[in-house]
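Here's a quick walk through one model, from the sheet to the core and on to the charged pairs. Have the viewer open while you read.

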Amino acid sequence: MKANSMITLLVASIVSMTFAVGYLGTAAPARAQAPAPAQAPAVPQQPKVNLSLEQRHVIKELIKDLNVSPAAQNVETTVGATVPTSIKLNPMPQVVADKVPQIKSHLFFIEGGKVVIVDPKENKIVDAIE
């Protein structure tokens, strides 16, 4: 009976060690071969100013009251678009800059009834207020 117990214990030990070695043997290469986490492709950040509905309304009304001439040609007014050099850009009026200080250094033009706000550094549209 003692021999059977020892054989059973020996078989159990061998099975345990085989399982442990097998488990460790498969886990290590899996960690070593795991692909690097996928990185999201860089999305170009669209230039945009953060204006509330009230600020947008104030800008539109104040500029409308100034009777600024609209752009002489049809121009794309999509946020992020570059403004052609042929478009006359106007400095932001002081009355608008006083009410909405975050756009005081921006330029603007009127196109199709929209007030189009332009970043002067990159000459790109940051907002178009209808």
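## The sheet

Strands β2 and β3 pair antiparallel, over five bridges. One spot to look at is phenylalanine 109, whose bridge partner in β3 is valine 116. Keep in mind that this is a predicted model.

Zooming out, four strands make up an open sheet, ordered β1-β2-β3-β4, with antiparallel pairing. At the edges sit β1 and β4, each of which pairs on one side only.

## The overall layout

The protein chain has three helices and four strands. Going along the sequence, they come in the pattern α-α-β-α-β-β-β.

A few totals for the protein chain: 28% of its 130 residues count as buried. Its accessible surface is about 9,400 Å², and carbon and sulfur atoms account for 60% of that. If you take contacts between residues at least 6 apart in sequence, 55% of them join residues at least 24 apart.

## The nonpolar cores

Which residues touch the most other members of the largest nonpolar core? They're Leu51, Ile59, Ile63, Ile103 and Ile117, out of 15 residues in that core. At least two residues of this core come from each of α2 (53–65), β2 (107–111), β3 (114–119) and β4 (124–129). Helix α2 gives the most, with three residues. In soluble globular proteins, nonpolar side chains tend to be buried together.

Isoleucine 63 is worth a click. Leaving out residues up to four places away in sequence, isoleucine 63 touches Val68, Met92, Pro93, Val96, Phe108, Ile110 and Val115. There's also a second, separate core of nine residues, with Val75, Ala81, Ile87 and Phe109 among them. That's the Phe109 whose bridge partner is valine 116.

## The salt bridges

How many salt bridges does a search of the whole structure find? The count is two. In one of them, aspartate 127 pairs with arginine 56, and the closest N and O atoms are 2.7 Å apart. Is aspartate 127 buried or exposed? Its relative accessible area is 2%, under the 20% cut-off, so aspartate 127 counts as buried.

The other salt bridge joins lysine 64 and glutamate 61, with the closest N and O atoms 3.1 Å apart. Both residues lie in helix α2, three residues apart, or about one turn of the helix. Lysine 64 has 47% relative accessibility and counts as partly exposed, and glutamate 61 is also partly exposed, at 27%. In general, side chains of opposite charge can pair when their charged atoms come close.

## A loop residue

Last stop: serine 69, in the loop between α2 and β1 (90–91). Why does serine 69 count as exposed? Because its relative accessible area is 58%, and exposed means over 50%.

Serine 69 also makes a handy distance check. Serine 69 and glutamate 111 are 42 residues apart in sequence, with a C-alpha to C-alpha distance of 9.2 Å in space.

Note on methods. Residues numbered from 1 in each chain as written. Predicted model: local features only at pLDDT ≥ 70, side-chain atom pairs only at ≥ 80, totals over all residues. Heavy atoms only, no water. Core = buried A, V, L, I, M, F, W, Y, C linked by side-chain atoms within 4.5 Å. Buried < 20%, exposed > 50% of the residue type's maximum accessible area, 1.4 Å probe, protein only. Contact = heavy atoms within 4.5 Å. Salt bridge = Lys/Arg side-chain N within 4 Å of Asp/Glu carboxyl O. Pairing = 2+ DSSP bridges. Areas by Shrake-Rupley, 256 points an atom, 1.4 Å probe, with all protein chains shown as cover.
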